[in-house]
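Trainee: I would like to learn how to read a model like this one. Could we take the features one by one?

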Amino acid sequence: STQLHTVRKEIEQVDVPHWCRTGEHFVELAKHTLNDAQLVMKLMFKLQILPLTKQLTNISGNLWSRTMKGNRAERNEYLLLHEFHQLKFLVPEKRSAKQRNEELLGGEEAAGVTAGSGKAKYSGGLV
C-alpha cells in the first residue's frame, strides 16, 4: 500500500484453489486474508473515515445510523436534483426496475417474461 508504506502480496482469484491444496497453504491464505482486513482497518483510521462520514451525513441532513448501515441516501438524491436544476442541467428520468430489466433482456424476451406478471396470483372468496 502506498498510503501505509507496506508491501502486500497479491493473490489472484484463479490461484485460490492452489492455496487450498494443503493445510499449510490454507493457513497462509487465511493469514493473508487477515492481513488484508488489518490493512483496511489501518487505512480507515489513517484517512479518518468515521469522522468524515459523520460530517458528510450532518451536511446532507441524514441520520448517521442509516449512513453506517449503507442505506440509500434519499435526501442526497433530491438535493443533487435541485442543484442540477438550478444549474440548468438536464437530468435523465428515473427508470423502474421493470424498465431496467426490459432493457437488459431485450424488448421481446422481457415482454414475454413480464407479460404474465400483471395477473392476480390468487383471487380469494370464490367458492
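Mentor: Start with surface area: accessible areas come from the Shrake-Rupley method with a 1.4 Å probe. This is a predicted model, and the protein in it exposes about 11400 Å². Carbon and sulfur atoms supply 60% of that area.

Trainee: What share of the 127 residues in the protein is buried?

Mentor: Buried means under 20% relative accessible area. Buried residues make up 8% of the 127 residues.

Trainee: How many helices and how many strands are there in the protein?

Mentor: There are seven helices and zero strands. Along the sequence the pattern reads α-α-α-α-α-α-α. As for contacts with a separation of 6 or more, residues 24 or more positions apart account for 24% of them.

Trainee: Which elements have the lowest and the highest mean pLDDT?

Mentor: The general idea comes before the case. Where pLDDT is low, the predicted coordinates should not be read in detail. The protein averages a pLDDT of 80, and 79% of the residues score at least 70. Among the elements, helix α7 (residues 107-114) has the lowest mean, 52, while α2 has the highest, 93.

Trainee: Let us take α2, then. What span should its 25 residues have?

Mentor: The expected span is 1.5 Å times one less than the number of residues. For helix α2 (residues 23-47) that gives 36 Å, and the end C-alpha atoms are 36 Å apart, so the two values agree.

Trainee: Which residues of α2 are buried, and what covers them?

Mentor: Leu 29, His 32 and Leu 39 are buried in α2. The cover over the buried residues of this helix includes α1 (16-19). Lys 42 also lies in α2, but at 48% relative accessibility Lys 42 counts as partly exposed.

Trainee: What follows α2?

Mentor: Gln 48 follows α2, and its phi is positive. The general point is that most residues other than glycine have a negative phi. For Gln 48 phi is near 55°. Gln 48 lies in the loop between α2 and α3 and is exposed, with a relative accessible area of 51%.

Trainee: Where does His 5 lie, and what is its phi?

Mentor: His 5 lies in the segment before α1. Its phi is near 55°, again a positive value in a residue other than glycine. His 5 has a relative accessible area of 69%, so the residue is exposed.

Trainee: Now helix α3. Which residues does Thr 53 touch, not counting residues up to four places away in sequence?

Mentor: Thr 53 is found in helix α3 (residues 49-60). With those neighbours in sequence not counted, Thr 53 touches Trp 64 and Met 68. A polar contact is a pair of N or O atoms within 3.5 Å. The side chains of Thr 53 and Trp 64 are joined by one of 3.1 Å.

Trainee: Is Thr 57 buried or exposed?

Mentor: Thr 57, found in helix α3, has a relative accessible area of 3%, so Thr 57 is buried. Its side chain reaches the backbone oxygen of Thr 53 at 2.6 Å. Not counting residues up to four places away in sequence, Thr 57 touches Asn 62, Leu 63, Trp 64 and Thr 67.

Trainee: How many aromatic pairs does a search of the whole structure find?

Mentor: A pair of aromatic rings is described by the distance of the centres and the angle of the planes. The search of the whole structure finds one pair. The rings of Phe 84 and Phe 89 have their centres 5.7 Å apart and their planes at 90°; planes over 60 degrees apart count as edge-to-face, so this pair is edge-to-face.

Trainee: How accessible is Phe 84?

Mentor: Phe 84 has 36% relative accessibility, so Phe 84 counts as partly exposed.

Technical notes:
Residues are numbered from 1 along each chain as its sequence is written. Side-chain values use heavy atoms; hydrogens and water are left out. Rings of Phe, Tyr and Trp (its six-membered ring) pair if their centres lie within 6.5 Å; planes under 30 degrees apart count as stacked, over 60 as edge-to-face and the rest as tilted. Buried means under 20% relative accessible area, exposed over 50%, partly exposed in between (1.4 Å probe, protein chains only). Helices (H or I, at least four residues) and strands (E, at least two) are DSSP runs, numbered from the N terminus. A polar contact is a pair of N or O atoms within 3.5 Å; within protein, one must be able to donate a hydrogen and the other to accept it, and residues adjacent in sequence count only if both atoms are side-chain atoms. Contact means heavy atoms within 4.5 Å. pLDDT is the predictor's confidence in each residue, from 0 to 100.
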